[in-house]
Amino acid sequence: LPGIASSSGRGDHQHLQQAAEAALRLYAREEYVLAWRGGAAHVLLKDGAPAQAILRAHWQAAWLQHHTDHAATTHSASDGDGAAASTSASGVSTELASTEKHYGGIWGDVQHTQLIVQSLQALESGFPDFLAQAQQAGWDTDTVLIKAGAVKLRAE
């Protein structure tokens with residue numbers, strides 16, 4: 001994933017693996033993992049991910065784009081939707097933050113990780129309404145016309 005720090009030594013490999021495992025746990029309820037770097041979303045889809053997983057990834061990327069644009073001007077990354085930087089019930093965001101402080105950042109830095117966590121919290125609260133509105137407007141949310149790339153990674 002772009003945005004995941006590169007390792008330069010044996011000790012770094014262990015920290016990178018811990019950070020990647022924490023990121024996978026953070027996205028355990030999703031059919032994708034999203035990395036945000038340089039204003040672009042990089043998404044890994046699970047094999048056989050449904051259409052709504054792609055739609056959820058796009059929604060999260062749009063949220064991140066909107067909030068990073070606002071953060072770059074004068075607004076904070078949580079303005080307007082009540083998403084807080086609180087940790088998830090599983091404590092994964094706390095673990096990610098701890099790993100980032102020690103290793104230097106799976107997504108760049110602790111603040112960046114908090115933004116990813118906030119985007120997932122916003123996804124949980126905002127996506128159902130978005131989906132209902134899209135369906136009400138006549139959009140087919142069960143069909144995807146975007147083809148996944150040929151690159152495949154298999155986690156074992």
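Visitor: In which helix is Gln-121 found?
Guide: The model is predicted: local features need pLDDT of at least 70, side-chain atom pairs count only at pLDDT 80 or more, and totals for chains, interfaces and linings use all residues. Residues are numbered from 1 along each chain as its sequence is written, and side-chain values use heavy atoms, with hydrogens and water left out. Helices (H or I, at least four residues) and strands (E, at least two) are DSSP runs, numbered from the N terminus. Gln-121 belongs to helix H4.

Visitor: What is the relative accessible area of Gln-121?
Guide: A residue is buried under 20% relative accessible area, exposed over 50% and partly exposed in between (1.4 Å probe, protein chains only). Gln-121 is therefore partly exposed, its relative accessible area being 23%.

Visitor: How far is the C-alpha atom of Gln-121 from that of Gln-60?
Guide: Along the chain, Gln-121 and Gln-60 are 61 residues apart.

Visitor: Why does the pair of Phe-127 and Phe-130 count as tilted?
Guide: Rings of Phe, Tyr and Trp (its six-membered ring) pair if their centres lie within 6.5 Å; planes under 30 degrees apart are stacked, over 60 edge-to-face, and the rest tilted. The whole structure has 2 aromatic pairs. In one of them, the ring centres of Phe-127 and Phe-130 are 5.9 Å apart, and the pair is tilted because the planes stand at 45 degrees.

Visitor: Which residue has its charged end over the ring of Phe-127?
Guide: Phe-127 and Phe-130 lie 3 residues apart in H4 (residues 110–136), about one turn of the helix. Phe-127 is buried at 2% relative accessibility, whereas Phe-130 is partly exposed at 35%. A charge sits over a ring if NZ of Lys or CZ of Arg is within 6 Å of the ring centre and within 35 degrees of the ring normal. At 5.0 Å from the ring centre of Phe-127, this charged end is that of Arg-56.

Visitor: Which residue in S2 stands opposite Trp-36?
Guide: Strand S1 (residues 32–37) is mostly covered, with 5 of its 6 residues buried. Two strands pair if DSSP finds at least two bridges between them; S1 and S2 (residues 40–45) run antiparallel and are joined by 6 bridges. Their hairpin has 2 residues between the strands, and Gly-38 takes a positive phi near 60 degrees. Opposite Trp-36 stands Ala-41.

Visitor: With which side chain does the side chain of Thr-141 make a polar contact?
Guide: Thr-141 is found in the segment after H4 and is buried at 7% relative accessibility. A polar contact is a pair of N or O atoms within 3.5 Å; within protein, one must be able to donate a hydrogen and the other to accept it, and residues adjacent in sequence count only if both atoms are side-chain atoms. At 2.8 Å, the partner of Thr-141 is Gln-135.
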